[in-house]
Amino acid sequence: MIVTLHLIVLALYGVGTALALAPFLRLPPSPRPLNVALPCAGAAVHVVAISQLTPVGLGPALSMLALCLVLLQLASERLLRGSAVALIAGPLATALVGLALLSGLTPGGGAEAAGSRNAWFILHVALSVSGVALMALAFIAAALYLLQFRELKARRFGQVFQLFPPLERLDQLNRFALIVGFPTLTLGVLLALGYGARFSGGLHVAKAQIVWGMFTWVVLGWAVWVRVVRHWAGRRAAFASIAGFSAVLLVYVALKLAQPGVERFL
Amino acid sequence: MTDHSGVGIKVLGVNHRTAPLDVRERFAHGAHEVPGALARVMAAGAQGGVLLSTCNRTEFYLVTEEEPAFETVWSLLNERLPATPAGGAREYGYVVRDREAVRHLYRVSSGLDSMILGESQIQGQVREAWEIARAQAGPVLHRLFQTALHVGSRVRTETGLGMGTASAASAGVAVAGKIFGDLAGRSALILGAGDMAELAATCLSDEGVQITLVANRTQERARAIAERLGGRAVSLEDAWAHFATTDIALCSTAAPHAVVTWERVGHVIAGRGGRPLCILDLAVPRDVDPAVAQLENVFLYDVDDLQTVAAQATARRRDEVPAAERIVEEEADLFWAWYGGLGVVPAIKEFRTRMETLRAAEMERAMHQLGHLSPEDRARVEQFSQALLNKFLHQPTVALKAAAEEGRGYGLLEALRRLFGMEPPA
């Protein structure tokens, strides 16, 4: 059932992404309600699928990250009045659901699976995944910013100019995602510490997982610091977001390759 | 092969389709240069002339034979090129003749020939060109330009060709919106105080942009615009420092060279930090040195850029083109009928009356000397003189009517007037 639901989600996200990409491939744009309805329907099915999942393991973590991304995409597109975020968020979410299916959506067994029904744990996972998704949104906004910046600077008035949001709005979206993402992730990390101390008698997780979690937190904290304290904005802030998110991804892949395992998200 | 000889309506020019901006800006004539340029063409034999010079076109509308007026126009344009290409100004130019010339002006005034389809600014520019050349236009071009304005109005009223964003000024607003998002509360500095500057400043003001400064060489005009839009008038020299704080700089001076140079504003803009500065250069020749755009957060757009943006926004206007073209054709037919035929009929009448007066006067003089003739003989002589006159007038009348039907009436009419000393119509 979980797999079937994820396959439906994959199809809905896939078609939604194709429709969002169509105008950039010089194909006729689809009606706006359809562009919104498909990811909405996908997200609704996705919520049902995730509610049946035990939030432990790589597959569920990827699936939850995909859902968070799609929800953030829908929210930001409502604010930006355009579908440009879907240009990156759509393929990313679709790929994440695909990877989740490939990784397997059956949770790890044992005491951890039982403990995963604990509210602290669920909240920890939800906040941590949301924090990473917001970081991804900041990356997407930064990438769109740089593309739009390049087009405006080069005085090219093609599809990017027409369909991408204004520079300042993308900059604001990047700032908002970072500023909301950092406390969200911090709370997620604190809940992990609290959960470990209260229910598990300490943190029983792999070293790599702690390293990656702390690295992500530090990078996100740095991105917020340069924006808020150092007042970076525009292109410099966009480069910082992209560098930070890329570093987080690279460290994840490096750790995953160094310590392969499917029971945890690392 | 078409015969282009003889006096007729001719258009010689360059436009946005045939010449790039840097060539067009060299050919552009300021209002003060127009009478001199037209005087040279008139001295070369043109009977009427109007020079329409905008940022998108420089066109001489002439009533003339082809040579030597054409040579004079090309020489005038060649003189403005720094290095004359192999074909001279002709390389960028075109010639339109007779009915096509009428149709061309009607399409121009309707906005059908504009870079931004359906833009309305051209209507005012056609009117201005006509007014500047009032003394040199002559009756045909007077009527042509008068009807062109009527055609422009008809097209805008009866079709949707003028709907939505069309002008470079409104495209400037759209581009600034792609940088800043919401424009309300942004600040703008206006360089120049001409009609274009005022129009663009009004567009920005309508979007909630605060016009803080209007800088111009002559303070009086700058003050008038500043007062209307809620800003302050300053001299150009005082404006450079404000590039450090303003969000939008709108440049539309009549300066013959770049006034916003790296030397003047480079260090000022560098002190802005990362804040973007949108510079809209609506002037031809351009006001802003392209080197200024090398500064990281400077977004510089010239007339060509803005017109490209507006052109995209007007894609839906294309649906209205067939209706607009129908109006143009209909009006061109009407003008052509007037030009070819209606002008000839009174001339033929006048010509015949003049000949008849001469005949009657000569007959009276002869009859004094031929007093011995009987009334019957007098009647016969009278009849003979009338028959002779009719024979003489038959061929010119037929030729004039035929020329009128072919749209060449005006040229023959001119010849007739010159040969017989007839006064041109008022």
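The model is predicted, and it scores ipTM 0.86 and pTM 0.64. For chain B, the mean pLDDT is 86, and 94% of its residues reach 70 or more.

**Where the chains meet**
- On chain A, 12 residues are in contact with 14 residues of chain B.
- Helix 6 (119–153), helix 8 (167–200) and helix 10 (234–258) of chain A each give two or more residues to this side, and helix 8 gives the most, with 3 residues.
- The chain A side divides into 6 nonpolar, 1 polar and 5 charged residues.

**Helix 5 of chain B**
- This helix covers residues 121–132, and its 12 residues should span 16 Å at 1.5 Å a residue; the end C-alpha atoms are 17 Å apart, which agrees.
- Its buried residues include Val126(B), Ala129(B) and Trp130(B).
- The buried residues of helix 5 pack against helix 2 (34–43), strand 2 (48–53), helix 4 (98–110) and helix 6 (134–158) of chain B.

**Backbone spots worth a look**
- Most residues other than glycine have a negative phi, and most peptide bonds are trans.
- His231(A) has a positive phi of about 60° and sits in the loop between helix 9 (207–228) and helix 10 of chain A.
- With 11 other C-beta atoms within 10 Å, His231(A) is exposed.
- Asp98(B), in helix 4 of chain B, has a positive phi of about 55°.
- Asp98(B) counts as buried because it has 22 C-beta neighbours inside 10 Å, the cut-off being 20 or more.
- The peptide bond from Val284(B) to Pro285(B) is cis, and Pro285(B) lies in the loop between strand 9 (277–281) and strand 10 (298–301) of chain B.

Key: Residues are numbered from 1 along each chain as its sequence is written. Chains are lettered from A and ligands numbered from 1 in the order in which they are written. This is a predicted model: local features need pLDDT of at least 70, side-chain atom pairs count only at pLDDT 80 or more; totals for chains, interfaces and linings use all residues. Two residues are in contact if their C-beta atoms, placed from the backbone, lie within 7 Å. Helices (H or I, at least four residues) and strands (E, at least two) are DSSP runs, numbered from the N terminus. Ala, Val, Leu, Ile, Met, Phe, Trp, Tyr, Cys and Pro count as nonpolar, Asp, Glu, Lys and Arg as charged, and the others, Gly among them, as polar. The expected span of a helix is 1.5 Å times one less than its number of residues. A residue is buried if 20 or more other C-beta atoms lie within 10 Å of its own, exposed if 12 or fewer, and partly exposed in between; C-beta atoms are placed from the backbone. pLDDT is the predictor's confidence in each residue, from 0 to 100.
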